Amino acid sequence: MFCLNVEIVQCFGFLSYGVLSNRSPTYKRLRAKQLVEVNYLCVHKKLRSKRMAPVLIREVTRRVHLRGRFQALFTSGTLLPKPVSKCRYWHRPLNPRKLLECGFSHLTHNMTLQRTIKLYRLPEAPLVKGFRQMTKKDVPKAWPLLSEYLEKFNIHPIFTKEEFQHFFVPRDDVVYSFIVENGDGQITDFCSFYVLPSSVMKSKQHNSLRAAYSFYNVSTVTPWPALIQDMLISAKQVSLHIYSC
């Protein structure tokens, strides 16, 4: 990662990236291909019209070329040439009152605040039997479960055991992972989300919004609706305001 400093007083731009092993149809029968993954890019609001983002992108391109890597993966909110995949974000309110007060969402036709709160109400605790937060001791069983599931996709990352532990072992306000364990001690399902707080602008009541973003999920026994509902409940238990996937 690197940032652009002016007189070593303030950071005006930031970009982070990492190297991740990926497998695609082209390399299916070959060893995994190491690609650069651009994780996060932000520019000071006063410089967003000054073409600062291309400067950061050119710099990261120069650095990875020096290390002999010439392919990268990234996401964008705008259409860029030749995307390999696309998706749509869905937002599920966990705290409708705060989202309305922040201006993130608005009441739909014929809806009131109380009806909206009732509509999005969740149980107090997870309902799936055996659902619990993952621990470091669960890594030897959860890692192969996720790895086997990812093999179903044409393009997917390949996590080593150490990388899986780094990315998915829960850390407060960073990442949360959960498993479903059956009566025989086998892990049948895995799910996770990471936390991304945002600043709320032009609001007199609130200055931040805490969002959960769905990360990697595997369902082999538990139905997806039941698994996702327990994820929503778990996210609300740690005071998150919205769940995005």
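**Salt bridges, strands and a pocket**

Analyst: A salt bridge joins the side chains of E59 and R62, with N to O at 2.7 Å. The model is predicted, so local features need pLDDT of at least 70 and side-chain atom pairs count only at pLDDT 80 or more, while totals for chains, interfaces and linings use all residues. Residues are numbered from 1 along each chain as its sequence is written, and side-chain values use heavy atoms, with hydrogens and water left out.

User: What makes the contact of E59 and R62 a salt bridge?

Analyst: The term requires a side-chain nitrogen of Lys or Arg within 4 Å of a carboxyl oxygen of Asp or Glu. The N to O value for E59 and R62 is 2.7 Å, so the pair meets that definition. Both residues lie in helix 1 (residues 52-66), three residues apart; helices (H or I, at least four residues) and strands (E, at least two) are DSSP runs, numbered from the N terminus. E59, R62 and R63 are linked in a network of salt bridges.

User: Why is E59 called partly exposed?

Analyst: Buried means under 20% relative accessible area, exposed over 50%, and partly exposed in between (1.4 Å probe, protein chains only). E59 has 21% relative accessibility, and therefore counts as partly exposed. R62, at 43%, counts as partly exposed too.

User: Which parts does the salt bridge of R132 and E181 tie together?

Analyst: The closest N and O atoms of R132 and E181 are 3.2 Å apart. R132 lies in strand 6 and E181 in strand 8, so the pair ties together parts that are 49 residues apart in sequence.

User: Why is the second largest pocket said to lie between domain 1 and domain 2?

Analyst: Domain 1 (12-73) and domain 2 (91-244) both give residues to its lining, so the pocket lies between them. The domain bounds come from an automatic or database domain assignment. A pocket is an open set of points on a 1 Å grid over the protein atoms alone where a 1.4 Å probe fits, with protein on both sides within 12 Å along at least five of seven lines; lining residues have an atom within 4 Å of a point. Among the lining residues are F12, Y40, H44 and S198.
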